[in-house]
Amino acid sequence: MGVLEQSPVSIKNVRPGQKIILSGYIGNHSIHLLSLREGLGFERNILSDCAPLNMMIRQLLDTVPAGKITSMRDVTRGGLSAVLHEYARAAKHEMRCERQSLPIQPETAMAANMLGVDVINLANEGCLCLFVESDSAEEVLKLLQAHPLGQKAAIIGEVLTIPQAKVSMLEQDGTVSTIEELYGAELPRLC
């Protein structure tokens with residue numbers, strides 16, 4: 001039996017109490033490509049995160065006990081916001097993230113602010129969003145951070161017991177905001 005047969009990793013397994021983990025920075029890919037296209041000059045300091053994640057995923061599935069990583073998905077078009085909305089609808093529970101926990105390169109945050117876009121809506125090409133049982137979240141985080149492609153991994157939130165398909169953000173000032181789902185694209189398709 002293969003690893004995936006032994007350990008079903010599916011959106012159907014996401015439930016309240018699980019932690020949400022990102023494998024690395026978000027927003028870099030979109031900002032890098034947009035900067036190249038428009039000659040903004042950010043591309044020297046903000047590199048695309050484009051990378052193959054298969055070996056990192058294999059290591060996680062081979063090391064973490066079966067059933068502890070319940071689901072995972074690449075954070076591509078639509079960004080983190082699109083992924084969390086997809087999971088909120090499937091789980092029928094609220095997904096809550098903490099703004100200060102999001103792994104965002106400072107230069108990317110600055111560029112996104114200058115461009116008037118929210119990093120959580122930007123495309124990525126080498127970032128993984130994982131849903132993990134809370135008792136294994138720290139183990140998964142350490143494994144990710146030990147991998148070259150996961151050094152900036154972070155626990156960013158959790159699946160709440162609130163039975164409502166929505167996404168919320170705990171802001172740095174302690175307030176909670178609702179993250180609305182974008183229809184269309186915040187930026188034109190980049191690749």
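A salt bridge is a side-chain nitrogen of Lys or Arg within 4 Å of a carboxyl oxygen of Asp or Glu. By this rule, the count here comes to 9 salt bridges. The model is predicted.

**Salt bridges across the chain**

- Side chains of opposite charge can pair when their charged atoms come close.
- E133 pairs with R15 in a salt bridge, and their closest N and O atoms are 2.5 Å apart.
- This pair links distant parts of the chain, 118 residues apart. E133 sits in the loop between strand 4 (128–132) and helix 6, while R15 sits in the loop between helix 1 (3–6) and strand 1 (19–22).
- E133 counts as buried because its relative accessibility is 16%, and buried means under 20%.
- R15 is partly exposed, with a relative accessible area of 42%.
- E158 forms a salt bridge with K19, with the closest N and O atoms 4.0 Å apart.
- E158 is partly exposed at 28% relative accessible area. K19 is also partly exposed, at 24%.

**Another pair and a network**

- The side chains of E94 and R96 meet in a salt bridge, 3.1 Å from N to O.
- R96 counts as partly exposed, at 22%.
- R99, D118 and E171 are linked in a network of salt bridges.

**The second largest pocket**

- The second largest pocket holds about 220 Å³ of space.
- Its lining is made of 13 residues. G24, Y25, D49, L149 and K152 lie nearest the centre of the pocket.
- By class, the lining has 5 nonpolar, 6 polar and 2 charged residues.

**A nonpolar surface patch**

- L40, M110, M114 and L115 make a nonpolar surface patch of about 370 Å².
- L40 is found in the loop between helix 2 (28–38) and helix 3 (54–63).
- L40 is partly exposed, with a relative accessible area of 36%.

**Apart in sequence**

- E138 has its place in helix 6 (residues 137–146).
- E138 is partly exposed, with a relative accessible area of 46%.
- E138 and I21 are 117 residues apart in sequence, and their C-alpha atoms are 9.8 Å apart in space.

How values were computed. Residues numbered from 1 in each chain as written. Predicted model: local features only at pLDDT ≥ 70, side-chain atom pairs only at ≥ 80, totals over all residues. Heavy atoms only, no water. 1 Å grid on protein atoms, 1.4 Å probe; cavity = no way out; pocket = protein on both sides within 12 Å on 5 of 7 lines; lining within 4 Å. Points joined across faces, edges and corners; volume = space filled by probe spheres on them. Nonpolar A, V, L, I, M, F, W, Y, C, P; charged D, E, K, R; others polar. Patch = residues over 30% accessible without salt bridge, like charges linked within 9 Å, V, L, I, M, F, W, Y side chains within 5 Å. Areas by Shrake-Rupley, 256 points an atom, 1.4 Å probe, with all protein chains shown as cover. Helix = DSSP H or I, 4+ residues; strand = E, 2+ residues; numbered from the N terminus. Buried < 20%, exposed > 50% of the residue type's maximum accessible area, 1.4 Å probe, protein only.
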